Amino acid sequence: MHVKQKLRGRYRMCGCCTDGSLVCFTSAMLEGVGVTTSRPANFQPDGSSMYSPGSLFQLLRDGRPRTRAELAAETGLARSTVTQRVDALLASNLIGPADKAASTGGRPPTRFAFNPNARYVLAADIGATHARLALTDLAAEVLAQSADDLLVAAGPEVVLDWVDRVGHELIREAGRDPDDLLGVGIGLPGPVEHSTGRPVSPPIMPGWDGFDVQGFLQDRFGAVSLVDNDVNIMALGEHHVVWSDAPHMMFVKVATGIGSGLISDGRLHRGAQGAAGDMGHLQLPHGTDVVCRCGNTGCLEAVASGAAIAAKLAARGTAASSSFDVVGLARGGNIEALQLLRQAGRDIGEVLAAAVSLFNPSVIVIGGSLSQAGEHLIAGVREIVYRRSLPLATQDLRIVQSSTGDRAGIIGAAVMVIDHALAPVQVDLLMSAAPAAMS
Ligand SMILES: [Zn+2]
């Protein structure tokens, strides 16, 4: 895996892919931290050592301060080893001293806690007609943000130039050191191959097919960049803010189109090509002859999306051309809009009932613009899912409205970068890359 990254301002020639400007992940893995190709027994599946600073750091990411003695007790590591690791993490600024712990006598021991301000992240959420960009800390808290009306159909150069320009403005205005940028995360409104950071035949994004979004952003910002589709980052954002205790969650975006993001065992499930969760083009069990934009008939999206409901209202003589019009009509008490939303909820419920049987989530979150129309959509979803799914799968299943609303994407894009860049092996890379520069 040749994910290019800048290690605290130092550049090295990659020994395995001859990329001369930035050290790549594989090269750094093998050389930077002294990892050999034959792993010692104490190495975990992700390449980090269970005794490494990066692994110890994972315990502190929950924000709870701990003393050296508590860390030793929790990990079973020798006190001297914990002290060594804590010193390395202190030098990196990723942790800092917190309050003093209570002591039975003498000087109280120092507690240490995760320092979310050690670095920062740029998070972008690109929609069909709107773009948001935020600077967040390492806990995905938004520190500064900017938004603009921007057509994704204007093409990758226009949109990504905006991310480049506004991103650097946010960094400058916040007074942050460009070298402290941990990474850039971006969500796009179309299918994305996450491993390469390239859109794949996105229907509403002319000019983006196969474009190297990841490489473009890495070159402009000199930091690791990760790309995903908008629904996946919304799922990550909602999960991070509201449902971090629920390891199995499904996020359904109902807007102009319909899609879902799956959180399985606390992690985003992308599938083999990053196409998991694309439920908008599943065929409704009861069948319909409505033609979908994908060319098939009877797709859920062709029947229950905001665009589909707006078209049905327009056909009945009500002025509506978008999901925002549908939301406005529903909020105004338009009976037809409310009935169509309820039916759309039932149609979505038909597909979700199958997903519940296959995936067994404990939470289904309904988000996207249409979820803002009130309870009618969700009531329709609940009606069918609870009736159609087996009792064991629904006894503790909650179906709720999104709490993060239009912030979900930004937060999720930040979480995507943070989870990648603060994983044990990545933290170990940071520790070993340039210890002198991190004081
Ligand atoms: Zn379709």
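In the predicted model, a salt bridge joins Asp230 to Lys253, with the closest N and O atoms 2.8 Å apart. Asp230 belongs to helix α7 (residues 230-241) and Lys253 to strand β13 (residues 249-254), so the pair ties together parts that are 23 residues apart in sequence. Both Asp230 and Lys253 are buried. In total, 22 salt bridges were counted. Among them is the pair formed by Arg132 and Asp125, for which the closest N and O atoms are 3.9 Å apart. Arg132 is partly exposed, at a relative accessible area of 22%, whereas Asp125 is buried, at 11%. Salt bridges also link Asp62, Arg64, Arg66 and Glu74 in a network.

Helix α11 (residues 335-359) and helix α12 (residues 375-388) have axes that come within 6 Å and cross at roughly 35°, and the crossing is right-handed. The contact of α11 with α12 comprises twelve nonpolar, four polar and five charged residues. A salt bridge is formed between the side chains of Arg342 and Glu383, at an N to O distance of 3.3 Å. Arg342 lies in α11 and Glu383 in α12, so this pair ties together parts that are 41 residues apart in sequence. Arg342 is partly exposed, at 30% relative accessibility, and Glu383 is partly exposed at 25%.

The axes of helix α2 (residues 53-60) and helix α4 (residues 79-92) come within 9 Å and cross at roughly 80°; the two helices are therefore roughly perpendicular to each other. Pro53, Leu56 and Phe57 of α2 make the contact with Val82, Arg85, Val86, Ala88 and Leu89 of α4. Seven of these residues are nonpolar, none is polar and one is charged.

How values were computed:
Residues numbered from 1 in each chain as written. Predicted model: local features only at pLDDT ≥ 70, side-chain atom pairs only at ≥ 80, totals over all residues. Heavy atoms only, no water. Axes fitted to C-alpha atoms, helices over the stretch in contact; angles between N-to-C directions. Helix = DSSP H or I, 4+ residues; strand = E, 2+ residues; numbered from the N terminus. Left-handed = near helix turned anticlockwise from the far one by under 90°. Nonpolar A, V, L, I, M, F, W, Y, C, P; charged D, E, K, R; others polar. Parallel < 35°, antiparallel > 145°, perpendicular 65-115°, else oblique. Contact = heavy atoms within 4.5 Å. Salt bridge = Lys/Arg side-chain N within 4 Å of Asp/Glu carboxyl O. Buried < 20%, exposed > 50% of the residue type's maximum accessible area, 1.4 Å probe, protein only.
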